[in-house]
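Good morning, colleagues. Please take a moment to look at the sequence and the model.

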Amino acid sequence: MQKYTSFKVHMTEDIRQMIPIQRGILSLTRSTLNCSLRRGLSVFNYKSPCMQEMQCMIMTSPNTVLMGGHQTKVLQLDIEGMREIRQVDVPEPGCAIFRSSNKYICAGDTSGKVRLYDPATLRAEHVLDAHNGTLSDFDLQGNLLVTCGFSARQNQMTVDRFLMVYDMRVMRAMAPIQIIMDPMFLRFVHIYSNKLMIVSQAGQFQIIDTNSLAPTPLSMQPVNTHGSFITSFDISETCHVLAFGDSGGYLHEFASGEHPVFNTFPQPTEFADTTEQLQYMHINDEMTPYSVIPMCYPENGKMLSDWPDHLAQNVYR
C-alpha cells in the first residue's frame with residue numbers, strides 16, 4: 001500500500017471518472033479522454049468538439065468506450081484506431097452514470113431517470129422514473145435494478161430513504177426497500193446473488209439482502225472520516241476490499257483479511273530497474289583502492305579518461 005506512481009492528466013480540468021484497462025488507465029475530464037500507462041507515461045489524449053461537459057464512461061467492448069455527460073451528445077470511441085464510431089443524441093439533461101447488463105446499457109441522469117439503451121443501436125428502449133428529485137447512484141445484478149437518490153419536497157432536495165427496485169424482465173417497480181440512513185452510493189456484492197452494499201455520505205455503510213421480506217437490520221459499520229464526507233465508493237473485483245474516498249483526500253480500505261487479493265487475475269507490477277548501490281568512498285579517503293568499484297570497459301572505442309600521453313601526467317596519490 002505504498003504510492004506507485006503519481007502523474008497529472010490535465011493541467012486545469014478535474015478527473016470525472018477512471019477505468020483501468022489492459023494497456024493502462026483511461027481518465028475522463030470535462031473535455032478530454034486520456035490514456036496513460038500505469039507507470040504514468042501518456043499513451044493518447046482525445047478531444048472532440050462534442051466533448052463539452054463529459055461526466056461518465058463505460059467500456060462496451062475491450063476496444064470501444066462510450067462517453068456521456070451533462071450534454072445531449074453521447075460518443076462511442078474506438079480506442080485502438082482512435083476514431084469515433086458514432087454520435088448519439090440523448091434527451092436533456094444527458095447522462096451522469098453508466099452501468100451495463102447483458103441486455104442493456106443503462107444511463108442515469110440528474111433528473112432522477114434511468115434510461116435503458118440497446119447496446120447495438122444505442123436506441124432508448126425503456127425509461128424508469130425512479131426519483132422526482134435527482135439520482136445519486138444505481139446498480140444492477142441479474143434482473144434487479146436498484147436506485148438511490150433525492151426527492152423534491154417543498155422546493156428542497158432531501159435524501160430519499162427508500163431504495164427503488166425494478167424487475168428488468170417486466171420493467172416494473174417492485175416494493176421499495178426502506179433503510180435507516182441516507183443512501184448516497186450503492187453496489188451489488190457480485191459474489192452473492194442478493195447482497196447490496198449501501199453507503200451514506202456521513203460515513204456509514206450497511207449490507208442488505210434484496211430478497212429478504214423482513215425489515216432491514218439496524219447493523220451499520222462506521223467509516224472514521226474525522227468529519228469529512230464520503231465522495232466515492234467501490235468494491236474490488238474479488239470483493240475482498242471495500243474502498244471509500246472522502247472529501248479530506250483520504251482513502252479508507254476495509255479488507256476481508258490481512259492479505260487481500262484485489263484482482264481476479266493479478267499481474268506482476270512493473271517497477272523501474274533497480275540501480276546497484278556502490279560502496280561509499282569519502283573524497284579524502286587515501287587508503288581505499290579504486291578497485292573496490294567494478295569497472296565496465298567498453299567493447300569498442302576508448303574511455304573518456306584515456307587521454308593522449310602529451311596531455312596527461314601520471315601522479316600517484
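I shall speak about a sheet, a histidine and the cysteines. Please bear in mind that this is a predicted model.

Let me begin with the sheet. Four strands form an open sheet in the order β9-β10-β11-β12, and their pairing is antiparallel. At the edges are β9, residues 97-100, and β12, residues 124-129, each of which pairs on one side only. On average, neighbouring strands of this sheet are turned by 20° against each other, direction ignored. Within the sheet, β10 (residues 105-108) and β11 (residues 113-117) pair in the antiparallel sense over four bridges. There, C106 stands opposite L116 in β11.

Is H252 buried or exposed? Its relative accessibility is 16%, so H252 counts as buried. The side chain of H252 makes a polar contact of 2.8 Å with the side chain of D246. Leaving aside neighbours within four places in sequence, the residues in contact with H252 include V223, N224, T225, L242, A243 and F244.

Finally, the cysteines. How many disulfides does a search of the whole structure find? The search finds zero. For C95, the nearest cysteine sulfur is that of C56, 5.5 Å away, and C95 is in no disulfide. C95 is buried, with a relative accessible area of 2%. C148 is likewise in no disulfide, and the nearest cysteine sulfur, that of C106, is 15 Å away. C148 also counts as buried, at 0% relative accessibility.

Thank you for your attention.

Terms used: Residues numbered from 1 in each chain as written. Predicted model: local features only at pLDDT ≥ 70, side-chain atom pairs only at ≥ 80, totals over all residues. Heavy atoms only, no water. Pairing = 2+ DSSP bridges. Helix = DSSP H or I, 4+ residues; strand = E, 2+ residues; numbered from the N terminus. Axes fitted to C-alpha atoms, helices over the stretch in contact; angles between N-to-C directions. Buried < 20%, exposed > 50% of the residue type's maximum accessible area, 1.4 Å probe, protein only. Polar contact = N/O pair within 3.5 Å; in protein donor to acceptor, adjacent residues only side chain to side chain. Contact = heavy atoms within 4.5 Å. Disulfide = S-S within 2.5 Å.
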